[in-house]
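Let's take a walk through this structure together.

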Amino acid sequence: MALRFTDQDMKEIEAICQLYPDKKAATLPALHLAQKRFGFISEEAIRVVADALELPVAHVMGVATFYTMYNKKAVGKYHVQVCTNISCALMGSREIFQHLKRKLDVDLGEITKDGLFTLQEVECLGSCGTAPTIQINEQYFENMTVEKTDALIESLKKGEIDV
Amino acid sequence: MSEYVLFKQLIDPDVRELNHYIKLGGYEGLKKALEMDPTAVVEEVKKSNLRGRGGAGFPCGLKWSFMPKDDRQKYFLCNADEGEPGTFKDRYIMSENPHQLIEGMVIGGFAMGASVGYIYIRGEFKFIADQLQKAVDEAYAAGYLGENILGSGFNFELYLHLGAGAYICGEETGMIQSLEGCTGQPRLKPPFPAQVGVFGKPTTVNNVETIACVPDIIRKGANWFLTIGPERNNGTKIYAVSGHVNNPGVFELPMGTPLREIIFEHAGGILDGKKVKAIIPGGSSAPVLGPEHLDIAMDFDSLKEAGSMLGSGAIIVMHEDTCIVEAFARLADFYAHESCGQCTPCREGTPWMAQIIRNIENGDGREGDIELLYDICVKIIGRTICPLGDAAVFCVKGALDRFRDEFEYHIQHKKCLVENKVAIYG
């Protein structure tokens, strides 16, 4: 099925464009919206954004592939991103990350068989005072330990919490 | 007990709400500024010695004075990209005391004749941007933003803009590129942003913490600000302490507070009573210090004198169980990952440095690797458009200079000097 923005999305994009003297400035916000709507930024999603902003596909492609927050392929329902940069690593994020790799039994960037999780290692999340930090979708989970991570994954699996 | 200039949530936990902010003198600085001549506002900020809190420590008032005085459209851009490893201070201003940032933006806009401001926030901080947006909406509703602010005839629109995961967008011209909807690849200077900035117009970019200092400087006067902190390094500073300490967190203290006091009094000392081994004093790009520096005054000039820098004021503490080679392999990897790819020395040099340090860490180091690393440093520094390459060099070279013995031990013995080390990498 062909991807398309809803009428509501198009109104939102139009409103975003009003914030800048040049429509091109809406590229990042429009890609964020596309990711929310379509789950990830496929080549088709890139074309949809380019059409909506009347910009060259090559421009949107360049931007989408430059920034790490745009997922270029599908991710699980929960995108588990573990910060392994220095402050988190000093407080044990490496152990958490290795544990998650074993527990979820999945390669980096791939989706678990149940479709629930994608595991990713990320750079500094700006949450160093509450390290280790894991970002799941748009939410931060701070002061994590292996035990807390286990409990969090179980709660997500059982649907006890949602993010 | 020091004065809180920025963390007013420690005086009133509800200061994020407009009426609470106003009770603490909020928007009084703006009222006062709007009755002044814009040039006088710039002069007052100049007089206060307010220096940029994002990393460079450039005098804020001087930066403002670079903006042309013609009637072109001008922009005021707030750098809330907070991505320097170890740095987590601006987020608390935005979530806990957002109106002070907003007020600072309006005053800055008025002083420089900019009628539009953008706050560029890293994309991962969407939950913080949502909180800040509420405060912006409140400020619009109360007439502190929008048209004819407080009947002064001055108009100022303020918009939030989310990044999408790129450290390089914390560099001001990378940020400008990104705000224009492009890849965040920095631009050559000159022209400086004050001449040709975002959308081709004069632009000033300041860090969140810098801007949030402005309302109180105007309200209480530059002379008051000069009473805090050492000469030429005035004001308070938010020190963000992370790593091997008992009480990591953000502490607003007078600029120049000794490192020992910050680590041992405020951050609760070293985990498990262990010994300090290394301290990065200003975010990962600041050359690493050792325990002999604990009595240093944490301000711009003192750190520069010690061969490092205050940077963002982010203090990363490593205790004796840390393998320096491993820690800096991880940091070298960060710069390699975040290099935008535009300049050859940085694009090729940062992954090369990371690879060599990783090899040393893995027991595959060779004689001459240390000299090779120094050589790569020389070939990166000063040869790139933006300071990311320089930052990578400060980080790696700092570790080589101070902990050369540990690198040598690794190369000779094919193993770590540290037993029972904290696992950082791989």
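What pLDDT does chain B average? This is a predicted model, and for chain B the average is 97, with 99% of the residues scoring at least 70. The model as a whole scores ipTM 0.97 and pTM 0.97.

Begin with chain A, which is divided into domain 1 (7-66) and domain 2 (78-157). Taken over C-alpha atoms, the centres of these two domains of chain A are separated by 29 Å.

Now turn to chain B, where you will find 16 helices and eight strands. A compact globule of 426 residues would have a radius of gyration near 22 Å, and chain B agrees with this because its own value is 22 Å. Along the principal axes, the C-alpha atoms of chain B fill a box of roughly 75 × 45 × 35 Å. Of the 426 residues in chain B, 57% are buried. If you take the contacts in chain B between residues at least 6 apart in sequence, 71% of them join residues at least 24 apart.

Next, look for the open sheet in chain B, whose four strands follow the order β3-β2-β1-β4 with parallel pairing. In chain B, β3 (157-162) and β4 (203-207) stand at the edges with a single partner strand each, so one side of each has no neighbour in the sheet. Neighbouring strands of this sheet are turned by 20° against each other on average, direction ignored.

Within the sheet, β1 (residues 75-80) and β2 (residues 116-121) of chain B pair in the parallel sense over six bridges. B:Ala80 has B:Ile121 as its bridge partner in β2(B). Helix α9 (residues 208-220) of chain B packs on the sheet and touches β1 and β4 of chain B.

Methods
Residues are numbered from 1 along each chain as its sequence is written. Chains are lettered from A and ligands numbered from 1 in the order in which they are written. This is a predicted model: local features need pLDDT of at least 70, side-chain atom pairs count only at pLDDT 80 or more; totals for chains, interfaces and linings use all residues. Domain bounds come from an automatic or database domain assignment. Helices (H or I, at least four residues) and strands (E, at least two) are DSSP runs, numbered from the N terminus. The radius of gyration is taken over C-alpha atoms; the globule rule is 2.2 Å times the number of residues to the power 0.38. A residue is buried if 20 or more other C-beta atoms lie within 10 Å of its own, exposed if 12 or fewer, and partly exposed in between; C-beta atoms are placed from the backbone. Two residues are in contact if their C-beta atoms, placed from the backbone, lie within 7 Å. pLDDT is the predictor's confidence in each residue, from 0 to 100. Two strands pair if DSSP finds at least two bridges between them. Axes are lines fitted to C-alpha atoms, for helices over the stretch in contact, and angles run from 0 to 180 degrees between N-to-C directions.
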